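Dear colleague,

Please find below the structure that I am handing over to you. My notes on it follow.

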Amino acid sequence: MQSANQKSVVESLQTFLAERGLRRTNQREAIIEASTSTKEHFTAERLLVMAREIDPTVSRATVYRTLPLLVESGLLRELELGGESKIYDPNFLDHPTHNHLVCVDCKKIIEFEDVNMELLENCITRRLGFSPANKAVTIEAHCDELRLSGTCRKAE
């Protein structure tokens, strides 16, 4: 289910597409629906699978052409979390200040928010003579549970 903020962004996406002379196609609509119907991070390939559950005719090429539009329009945020594939984050609309903890053992992505992080980011940028325009923190860490017990409940 979409939040009011997401609905607003989807509406502005439709305007964004129209301003660029891009058509509203069934495939593009399925991709938009798939990307807004999850709170999980996803790759382009995972989005293709989700979109094909809505419309089996969605092509890989259309997914790869549509993703940059979704990012540029503000519907998704593109993350580079150290893997081979880009990851897309649909959750920043509802939680714009969240950060990411990535388990280097199982690759699980955990989102977190902390007022102390925001304070620290602001202090650092101001001390160095900058005003924050965009902030994103990614912490890569080893799973203590895996190290101690040999298994990780967070692994998928």
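Predicted model: local features only at pLDDT ≥ 70, side-chain atom pairs only at ≥ 80, totals over all residues.

In helix α2, the buried residues are Q27, R28, A30, I31, I32, A34, S35 and T36. Here buried means under 20% relative accessible area, whereas exposed means over 50% and partly exposed lies in between, with a 1.4 Å probe and protein chains only. Because 8 of the 11 residues of α2 are buried, this helix is largely enclosed by the rest of the structure.

Residues are numbered from 1 along each chain as its sequence is written, and side-chain values use heavy atoms, with hydrogens and water left out.

As to the overall picture, the protein chain has 6 helices and 5 strands. Helices (H or I, at least four residues) and strands (E, at least two) are DSSP runs, numbered from the N terminus. Their order from the N terminus is α-α-α-α-β-β-β-β-α-β-α. Of the 156 residues of the chain, 36% count as buried. The chain exposes about 9800 Å², of which carbon and sulfur atoms supply 52%; accessible areas come from the Shrake-Rupley method with a 1.4 Å probe, and for residues only the protein chains shown count as cover.

Two helices that pack against α2 deserve a description.

Helix α2 (residues 26-36) and helix α4 (residues 60-73) pack at an angle of about 60°, their axes being 10 Å apart. Axes are lines fitted to C-alpha atoms, for helices over the stretch in contact, and angles run from 0 to 180 degrees between N-to-C directions. The α2 and α4 crossing is right-handed, that is, the near helix is turned clockwise from the far one by less than a right angle. On the α2 side the contact (heavy atoms within 4.5 Å) involves Q27, R28, I31, I32 and S35, and on the α4 side T62, V63, T66, L69 and L70. These residues comprise 5 nonpolar, 4 polar and 1 charged. Ala, Val, Leu, Ile, Met, Phe, Trp, Tyr, Cys and Pro count as nonpolar, Asp, Glu, Lys and Arg as charged, and the others, Gly among them, as polar.

The other partner is helix α3 (residues 44-54), whose axis comes within 8 Å of that of α2 and crosses it at roughly 115°. This crossing of α2 and α3 is right-handed. A30, I31, E33, A34 and S35 of α2 meet L47, M50, A51 and I54 of α3.

With kind regards
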